[in-house]
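Please look through the sequence and the structure shown below before reading on.

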Amino acid sequence: MSATSHPDIQKKVSVYWKVFWALLVATVITVAIANVHMGILLGIVVALIVALVKGSLVAGYFMHLFHEVRWVYGILALTAFFFVAMIVLIVWTHADQQGHNSGAFAVPARHAEPAAAKEH
Amino acid sequence: MSAEIAIPYNDTERPDTGLYNAKLGVWLFLASEVMLFGALFSSYILLRVASDRWEHGADILNVPLATLNTVVLIASSVTMVLSWAALKAHNFARYRRCMGLTFLAGVIFLIVKYIEYSGKLGHGLVPATSTFMAIYFTMTGLHALHVIGGMIVNGYLLGPGAKMWQTEPRRFTNRVEVAGLYWHFVDLVWIFLFPTLYLLPGKGM
């Protein structure tokens, strides 16, 4: 009835349990590193890397993405492209946001308030 | 004449794609889900970089409860994939146990979420309190709706939908597999939501 034999399933089940324990350990790491003061940027990067590792374990093993067919990879490649495009396009609009005018997110001079006040 | 037209590739893979219908459909659906949550994550980034002040989630949110919910969802992902593996091994009793545990984990997740939300609302922390609280309620609320949606499907496959195991076992196994794909995706979203909202450092506070 099924192409998959019982020993194959047994092997898969033991892998699923290993992934489960790995995810639990990664969750402890996620919470632990949040209590280490390493600065905003490094804190975000490290938290994202741990989340990416956990996400890859879930997608790769539980969603069987490590052994999928080309059509699924194709759908995901298109999704990844549009996902990145959407994030980038929206984030690029930050310069038009009000409320900050320094550092990497400085509002261009022509939009700055003192210059606008001089014009009037 | 009552000729029934059988829809092909319900339980077998289509030779050219290597996928049965439901699997192709659910992956396309998940692609649209990635864009839905992606839009909210990019909104989070934009609101955060454009703000002078941003709360440190751990200062106002309940990290122990959220950690508990992370463990609950991870455990439910394992029981979900084990329920599919049980069907592959033709063990229907084990399927029912594993799927029952998956459903139970969904209930626990929602109870914990209810306790968490009540705590926030009880302290006057509502979406209008700050931009951070607005995006917190939007993202976790949408995620909780997805958990409810998954529980409806899992509940059907555990209850009335399980009759299909007697008549079309392969098709039923496929249904459990694609319901699992969705459930793991919901887990995946939470894996990113948890550090983003609860743990990332704030600024200007």
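## A salt bridge between the chains

With which side chain of chain B does the side chain of A:Glu68 meet in a salt bridge? The partner is B:Lys23, and the N to O distance in this salt bridge is 2.8 Å, where a salt bridge is defined as a side-chain nitrogen of Lys or Arg within 4 Å of a carboxyl oxygen of Asp or Glu. This is a predicted model, in which local features need pLDDT of at least 70 and side-chain atom pairs count only at pLDDT 80 or more, whereas totals for chains, interfaces and linings use all residues. Residues are numbered from 1 along each chain as its sequence is written, chains are lettered from A and ligands numbered from 1 in the order in which they are written, and side-chain values use heavy atoms, with hydrogens and water left out.

B:Lys23 also forms a salt bridge with B:Glu177, and here the closest N and O atoms are 3.3 Å apart. This second pair links distant parts of the chain, since B:Glu177 lies in helix H7 of chain B and B:Lys23 in helix H1 of chain B, 154 residues apart; helices are DSSP runs of H or I with at least four residues, strands are runs of E with at least two, and both are numbered from the N terminus. B:Glu177 is buried, because its relative accessible area is 10% and buried means under 20%, exposed over 50%, and partly exposed in between (1.4 Å probe, protein chains only). B:Lys23, also at 10% relative accessibility, counts as buried.

## The interface as a whole

The contact (heavy atoms within 4.5 Å) takes 51 residues from chain A and 52 residues from chain B. About 4,600 Å² is buried between the two chains, and carbon and sulfur atoms give 81% of that area; buried area is the accessible area (1.4 Å probe) that two parts lose on being put together, summed over both. The count of salt bridges between chain A and chain B is one.

## Chain A and its helix H2

Chain A has four helices and zero strands, and 31% of its 120 residues are buried. Helix H2(A) has 23 residues and reaches 32 Å from its first C-alpha to its last, close to the 33 Å expected at 1.5 Å a residue, the expected span being 1.5 Å times one less than the number of residues.

Among the buried residues of H2(A) are A:Gly43, A:Ile44, A:Val50 and A:Phe62. What covers the buried residues of this helix includes H1 of chain A together with H1, H3 and H7 of chain B. After H2(A) comes A:His64, whose phi is positive, near 60 degrees.

## Helix H7 of chain B

H7(B), which covers residues 169-199, has 31 residues and reaches 44 Å from its first C-alpha to its last, close to the 45 Å expected. The helix has a kink of about 30 degrees at B:Leu193, shortly before the proline B:Pro195, where the bend at a residue is the angle between axes fitted to the seven residues ending there and the seven starting there. H7(B) is mostly covered, with 27 of its 31 residues buried.

One of the residues in H7(B) is B:Glu177. Another salt bridge joins the side chains of B:Glu168 and B:Arg171 at 3.4 Å, N to O. B:Glu168 counts as partly exposed at 31% relative accessibility, and B:Arg171 counts as partly exposed at 22%.
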